[in-house]
Amino acid sequence: FVFLPGVKSIDGVVSRLGSFGHLVTEKTENKEWDILGCSIGMAVYPQDGETYEKLYREADVAMYESKKIDGICKFTKFSDVD
């Protein structure tokens with residue numbers, strides 16, 4: 001789990017996750033890294049929870065949604081989980 005306390009907007013987090021996903025995908029497809037894939041779940045304070053435990057749980061739920069998406073590195077926001 002990663003906390004980004006210096007990031008001031010959800011768009012900033014989404015941008016960083018998108019950059020990370022692109023990097024992992026590129027390095028994996030080019031055989032530079034031996035990563036099979038990554039699944040990322042995102043929970044935002046305070047919208048998705050106000051305690052560490054609640055945020056951790058919601059990010060975990062979102063991560064499992066990411067596992068359902070085809071691709072090398074995908075992420076899901078908890079707010080997008082049905």
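The mean pLDDT of the protein, a predicted model, is 87. Here pLDDT is the predictor's confidence in each residue, on a scale from 0 to 100. A value of 70 or more is reached by 96% of the residues. Confidence is lowest in α1, at a mean of 87, and highest in α2, at 95. These elements are DSSP runs numbered from the N terminus: helices are H or I runs of at least four residues, and strands are E runs of at least two. Where pLDDT is low, predicted coordinates should not be read in detail. Residues are numbered from 1 along each chain as its sequence is written, and side-chain values use heavy atoms, with hydrogens and water left out. In this predicted model, local features need pLDDT of at least 70 and side-chain atom pairs count only at pLDDT 80 or more, while totals for chains, interfaces and linings use all residues.

The largest nonpolar core has 10 residues in all. A nonpolar core is a set of buried Ala, Val, Leu, Ile, Met, Phe, Trp, Tyr and Cys residues joined through side-chain atoms within 4.5 Å. Buried means under 20% relative accessible area, exposed means over 50%, and partly exposed lies in between (1.4 Å probe, protein chains only). The core is made up of Val7, Val13, Leu17, Val24, Cys38, Ile40, Met42, Val44, Ile72 and Cys73. Two or more of its residues come from each of α1 (10-29) and β1 (38-42). In soluble globular proteins, nonpolar side chains tend to be buried together.

Met42 belongs to this core. Contact means heavy atoms within 4.5 Å. Leaving out residues up to four places away in sequence, Met42 touches Ile10, Val13, Val14, Leu17, Asp48, Ala59, Ala62, Thr76, Lys77 and Phe78.

Charged side chains form four salt bridges in the structure. A salt bridge is a side-chain nitrogen of Lys or Arg within 4 Å of a carboxyl oxygen of Asp or Glu. Side chains of opposite charge can pair when their charged atoms come close. One of the bridges joins Glu58 and Lys54, at 2.8 Å from N to O. Both residues lie in helix α2 (residues 52-66), four residues apart, which means a separation of about one helical turn. Glu58 is buried, at 9% relative accessible area, whereas Lys54 is partly exposed, at 31%. Glu58 also touches Ala43, Asp48 and Phe78, not counting residues up to four places away in sequence.

Another bridge links Glu32 and Lys27, at 2.9 Å from N to O. Glu32 is partly exposed, with 45% relative accessibility. Lys68 pairs with Glu65 in a salt bridge as well, and their closest N and O atoms are 3.0 Å apart. Lys68 is exposed, at 62% relative accessible area, while Glu65 is partly exposed, at 27%.

The structure holds one aromatic pair. The ring centres of Tyr52 and Tyr56 are 5.8 Å apart and the planes stand at 40°, so the pair is tilted. Rings of Phe, Tyr and Trp (its six-membered ring) pair if their centres lie within 6.5 Å; planes under 30 degrees apart count as stacked, over 60 as edge-to-face and the rest as tilted. Tyr52 and Tyr56 sit four residues apart in helix α2, about one turn. Tyr52 is partly exposed, at 47% relative accessibility. Tyr56 is partly exposed too, at 37%.

The charged end of Lys67 sits over the ring of Tyr64, 5.8 Å from its centre. The cut-offs are NZ of Lys or CZ of Arg within 6 Å of the ring centre and within 35 degrees of the ring normal.
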